[in-house]
Amino acid sequence: MKNYRKQVFAVLLVSVIVLGAIGCAGTAAKPEENTVPAQAARPTEAPQAEASTQEPIAEINETETPDEQQAEEATDAPEADASEPRSDILVVYFSRTGEQYEVGVIEKGNTAIVAEIIAEKTSADLFEILPVDDHYPMTYSELTDVAKREQNDKARPAYAGEVPDLSQYSTIFIGAPVWWGDWPMICYTFFENNADALSDKTLIPFSTHAGSGLSGFDRKLSNALPNSTVQKGLAVAGTDCQNSPDRVEKSVSDWLNGLGF
């Protein structure tokens, strides 16, 4: 009987040991099951890692050098309208090329040379009076005949192009060659066509000549435009314009300085 009990007890003990071992094995498997899902989750986090590596690149792109900033500002800046004046000073002039007194055939008119110097030194805009019908001869003697005939007829030759908006200017220089002691008749066309717009402006005459000086350009300009203020003019010899550019530039500079420019 005792032996039988011992056998039963031994069987029960073995059963308890076996069941205990199986239970321990099931508990040890749980960490391995938790590890697998953790490894499988990593691919879903990868885009976040890539996004974080791209952020410094964006910061580098946003940090511009001064040159790049200036280039962008220049690109973004509105384009200047070519019709808008650059300053409140305008230089209006009439000039001729071809054969001229004592200098032969010239490619750039004497008055044009003076006008450009004035414009450069005052940062002024330029407007050239150009005839619609350019019938003026290239030879000097024939040109003087045509100029005399226009003066006798009190002609008013038409000029081409659109005059700038004169309301934008406070000071206007006006120049031309002396023709028979007077302004060329085409200049009077300009005075009369723009009389209202030239009222209350400061007008400053200049001339190029072959010995007659300013020839009363200032007085005649005042008579033509009595509602304007006419200041001291400048006379420049045509021979100096072609042969002594440094002298002309100095004369213009001294004159402008005297006028307060």
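**Pocket lining and nonpolar cores**

In this predicted model, α4 makes the greatest contribution to the lining of the largest pocket, supplying four residues. Helix α4 spans residues 140-153 and is one of the elements that each give at least two residues to this lining; the others are α3 (110-122), β8 (202-209) and α8 (238-243). The space within the largest pocket amounts to about 470 Å³. Its lining comprises 25 residues, and those closest to the pocket centre are Gln-100, Tyr-140, Val-178, Trp-179 and Ala-210. By residue class, the lining of the largest pocket holds 13 polar, 10 nonpolar and two charged residues.

In soluble globular proteins, nonpolar side chains tend to be buried together. The largest nonpolar core in the model contains 31 residues, of which Ile-172, Trp-183, Phe-190 and Phe-191 touch the most other members. Two or more residues of this core come from each of β1 (89-93), α4, β7 (171-177), α5 (185-193) and α7 (217-224). The largest share is that of α5, with six residues.

The surroundings of Trp-183 were examined separately. When residues up to four places away in sequence are left out, Trp-183 is in contact with Ile-174, Gly-175, Ala-176, Tyr-188, Phe-191, Pro-205, Phe-217, Lys-220 and Leu-221. Among these contacts, Phe-191 is also one of the core residues that touch the most other members.

Technical notes:
Residues are numbered from 1 along each chain as its sequence is written. This is a predicted model: local features need pLDDT of at least 70, side-chain atom pairs count only at pLDDT 80 or more; totals for chains, interfaces and linings use all residues. Side-chain values use heavy atoms; hydrogens and water are left out. On a 1 Å grid over the protein atoms alone, a cavity is a set of points where a 1.4 Å probe fits but cannot get out, and a pocket is an open set with protein on both sides within 12 Å along at least five of seven lines; lining residues have an atom within 4 Å of a point. Grid points are joined across faces, edges and corners, and a volume is the space filled by probe spheres set on the points. Ala, Val, Leu, Ile, Met, Phe, Trp, Tyr, Cys and Pro count as nonpolar, Asp, Glu, Lys and Arg as charged, and the others, Gly among them, as polar. A nonpolar core is a set of buried Ala, Val, Leu, Ile, Met, Phe, Trp, Tyr and Cys residues joined through side-chain atoms within 4.5 Å. Buried means under 20% relative accessible area, exposed over 50%, partly exposed in between (1.4 Å probe, protein chains only). Contact means heavy atoms within 4.5 Å.
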